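Thanks for coming. Please look at the display while I talk.

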Amino acid sequence: MCLRLRRECRPPDLLNAKIYTGPIPAEREGELAMGVGRSEASPLSGPVGQGLNTTQNSQRPSACCFCWCCCCSCSWNEDERRRHRRKRISQDNKMETIPNCEACTKPSVEEMQLWSQSFDKLMRNPAGRNVFREFLRTEYSEENMLFWLACEDLKQEINKNIIEEKVRSIYEDYISILSPKEVSLDARVREVINRKLQDPTPQTFEDAQLQIYTLMHRDSYPRFLSSTIYKSLFHGNSRSSSES
């Protein structure tokens, strides 16, 4: 019955159509060959969902580690983020005006020598943070320093209403995936932040701040020490000191 109904519902031209079995023109052979290739690679081939997962997995880089420690942000992920950010900024200038640098005195040669001894000494020095931030800007990763500074500022706050407002602002500026200044955080840290947002405190972002600090230390700090920005400043101050 079903077969009869289906046949009766077909248009008359399809019922009387004959299958062409003659030779295939050369130009059609190329089109059919391309169609076969697409059909074999189709996400719908094989068991349901298998092809789709294979296609997605082939485009997704494999994680370099499985630990959830604060320093497990993959270097490939940070490089991809920088390339994506460079392209996004050039196409759509959504970055806000860069805030003014911290007030500080001109660094001495001795201070700049300390910067090369450890990342902690660099980050403890306002002038060092300014110079390092200028370097991060050239790498399209200045948001890491801005986020770290915002967390330091939050830690000094004691007014509950102001704490809640700053937590909301930091989240929207640096944690939200919709922000052009989103920092690179792993899933564990994001889950911790989401739990702490229920009751905001000055320590809401302490895990995220540590992870970004570790990322800057491991990824950006070595390049900073060999950068033109640091070397030119150091040699310039060295010549000024020798002349005076």
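Let me start with a charged pair: Lys 166 forms a salt bridge with Asp 153, with the closest N and O atoms 2.8 Å apart. Salt bridge here means a side-chain nitrogen of Lys or Arg within 4 Å of a carboxyl oxygen of Asp or Glu. Lys 166 lies in helix 10, residues 160–175, and Asp 153 in helix 9, residues 142–155, so the pair ties together parts that are 13 residues apart in sequence.

Before going on, the conditions. This is a predicted model, where local features need pLDDT of at least 70 and side-chain atom pairs count only at pLDDT 80 or more, while totals for chains, interfaces and linings use all residues. Residues are numbered from 1 along each chain as its sequence is written, and side-chain values use heavy atoms, with hydrogens and water left out.

Back to Lys 166. How accessible are the two partners? Lys 166 is partly exposed at 23% relative accessibility, and Asp 153 is partly exposed at 41%. The classes are buried for under 20% relative accessible area, exposed for over 50%, and partly exposed in between, with a 1.4 Å probe and protein chains only. Lys 166 also meets the side chain of Glu 157 in a salt bridge, at 3.4 Å from N to O. Glu 157 is buried, with a relative accessible area of 18%.

Another salt bridge joins the side chains of Glu 172 and Arg 168, at 2.9 Å from N to O. Both of these residues lie in helix 10, four residues apart, which is about one turn of the helix. Glu 172 is partly exposed at 43%, and Arg 168 is partly exposed at 38%.

Now the overall picture. The protein chain has 13 helices and zero strands. These elements are DSSP runs numbered from the N terminus: helices are H or I with at least four residues, strands are E with at least two. Buried residues make up 31% of the 244 residues in the chain. Taking contacts as heavy atoms within 4.5 Å, and counting those between residues at least 6 apart in sequence, 64% join residues at least 24 apart. The chain exposes about 16,200 Å², and carbon and sulfur atoms supply 55% of that. The areas come from the Shrake-Rupley method with a 1.4 Å probe, and for residues only the protein chains shown count as cover.

Next, helix 11, residues 187–196. Which of its residues are buried? Val 189, Arg 190, Val 192 and Ile 193 are. They cover an arc of only 160° around the axis, which puts them on the same side of helix 11. The arc is taken over the directions from the helix axis to the C-beta atoms. The cover over these buried residues includes helix 10 and helix 12, residues 206–225. At the start of helix 11, a side-chain oxygen of Asp 186 reaches to within 3.2 Å of the backbone nitrogen of Arg 188.

On to the aromatics. A search of the whole structure finds twelve aromatic pairs. The rings of Phe 224 and Tyr 230 have their centres 5.2 Å apart and their planes at 50°, so this pair is tilted. The rule takes rings of Phe, Tyr and Trp, using the six-membered ring of Trp, and pairs them if their centres lie within 6.5 Å; planes under 30 degrees apart are stacked, over 60 edge-to-face, and the rest tilted. Phe 224 is buried at 0% relative accessible area, and Tyr 230 is buried at 8%. Tyr 230 also pairs with Phe 234, and that pair is stacked, at 6.2 Å centre to centre and 25° between the planes. Tyr 230 and Phe 234 are four residues apart in helix 13, residues 228–243, and so are separated by about one helical turn. Phe 224, Tyr 230 and Phe 234 belong to one aromatic cluster, whose members also include Trp 115, Phe 119 and Trp 148.

One backbone item to finish. Tyr 140 has a phi near 60°, a positive value in a residue other than glycine. Most residues other than glycine have a negative phi. Tyr 140 is found in the loop between helix 8, residues 126–138, and helix 9, and Tyr 140 is partly exposed at 28%.

How values were computed:
A polar contact is a pair of N or O atoms within 3.5 Å; within protein, one must be able to donate a hydrogen and the other to accept it, and residues adjacent in sequence count only if both atoms are side-chain atoms.
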